[in-house]
Amino acid sequence: MDRYDKYRQHFLKNIRKRLEEWETVEEIAHQDVYRLLHSIAGTAAMIGMDDIGNYARKLMEQWGEDEQKNGGQKK
């Protein structure tokens with residue numbers, strides 16, 4: 001068990017909690033998804049989950065590009 005295990009567990013628990021909350025709503029705002037991805041990208045890198053952080057950053061880039069292409073409209 002390394003020094004980041006408890007942080008990783010807490011991190012994943014928080015992500016699961018957010019996703020469970022989102023299951024109960026009809027629509028999720030763009031900025032809420034972007035904020036979650038931003039949080040995942042930053043936190044994952046600090047606790048040694050680089051692959052997850054890199055993937056979140058990639059999704060943020062794609063999400064931002066899609067939003068610009070669509071003029072801010074949902075798909």
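**Entry 1: Asp50**

I started at Asp50, which I found in helix α3. I kept in mind that this is a predicted model. Is Asp50 buried or exposed, or something in between? I looked up its relative accessible area and got 42%, so Asp50 is partly exposed. Buried would need under 20% and exposed over 50%. Next I looked for its contacts, skipping the neighbours within four places in sequence. Asp50 then touches Ala44 and Ala45.

**Entry 2: the whole chain**

I stepped back to get the overall layout. How many helices and strands are there? I noted 3 helices and 0 strands. Going along the sequence, I wrote the pattern down as α-α-α. The chain has 75 residues, and 21% of them are buried. I also checked contacts between residues at least 6 apart in sequence, and 44% of these join residues at least 24 apart.

I placed Gly48 in the loop between α2 and α3. Its relative accessible area is 46%, so I put Gly48 down as partly exposed. I then looked at the distance from Gly48 to Asp5, which is 43 residues away along the chain. Their C-alpha atoms are 9.5 Å apart.

Lys58 came next, and I found it in helix α3, which covers residues 50-69. Lys58 has a relative accessible area of 46% and is therefore partly exposed too. From Lys58 I went to Leu37, 21 residues off along the chain, and the C-alpha atoms are separated by 9.4 Å.

**Entry 3: how α1 and α2 pack**

I wanted to know how two helices sit against each other. I reminded myself that a packed pair is described by the angle between the axes and the distance between the axes. At what angle do α1 and α2 pack? I got about 170°, and the axes are 11 Å apart. An angle over 145 degrees counts as roughly antiparallel, so α1 is roughly antiparallel to α2.

Then I listed who makes the contact. From α1 I have Phe11, Ile15, Arg18, Leu19 and Trp22. From α2 I have Asp32, Val33, Leu36, Ile40, Thr43 and Ala44. I sorted the contact residues by type and ended up with 8 nonpolar, 1 polar and 2 charged.

**Entry 4: Leu36**

Leu36 was on my contact list, so I took a closer look, since its relative accessible area of 13% makes it buried. Leu36 belongs to helix α2. Which residues does Leu36 touch, leaving aside neighbours within four places in sequence? I found Arg18, Leu19 and Trp22.

**Entry 5: the largest pocket**

The largest pocket has a volume of about 230 Å³. I counted 15 residues in its lining. Which of them lie nearest the centre of the pocket? I wrote down Phe11, Asn14, Ile15, Leu36 and Ser39. The elements giving two or more residues to the lining are α1 (5-22) and α2 (30-46). The largest share comes from α1, with 8 residues. By type, I sorted the lining into 7 nonpolar, 4 polar and 4 charged residues.

I noticed some names turning up again here. Phe11, Ile15 and Leu36 lie among the residues nearest the pocket centre, and I had already listed Phe11, Ile15 and Leu36 in the contact of α1 with α2.

Note on methods: Residues numbered from 1 in each chain as written. Predicted model: local features only at pLDDT ≥ 70, side-chain atom pairs only at ≥ 80, totals over all residues. Heavy atoms only, no water. 1 Å grid on protein atoms, 1.4 Å probe; cavity = no way out; pocket = protein on both sides within 12 Å on 5 of 7 lines; lining within 4 Å. Points joined across faces, edges and corners; volume = space filled by probe spheres on them. Helix = DSSP H or I, 4+ residues; strand = E, 2+ residues; numbered from the N terminus. Nonpolar A, V, L, I, M, F, W, Y, C, P; charged D, E, K, R; others polar. Buried < 20%, exposed > 50% of the residue type's maximum accessible area, 1.4 Å probe, protein only. Axes fitted to C-alpha atoms, helices over the stretch in contact; angles between N-to-C directions. Parallel < 35°, antiparallel > 145°, perpendicular 65-115°, else oblique. Contact = heavy atoms within 4.5 Å.
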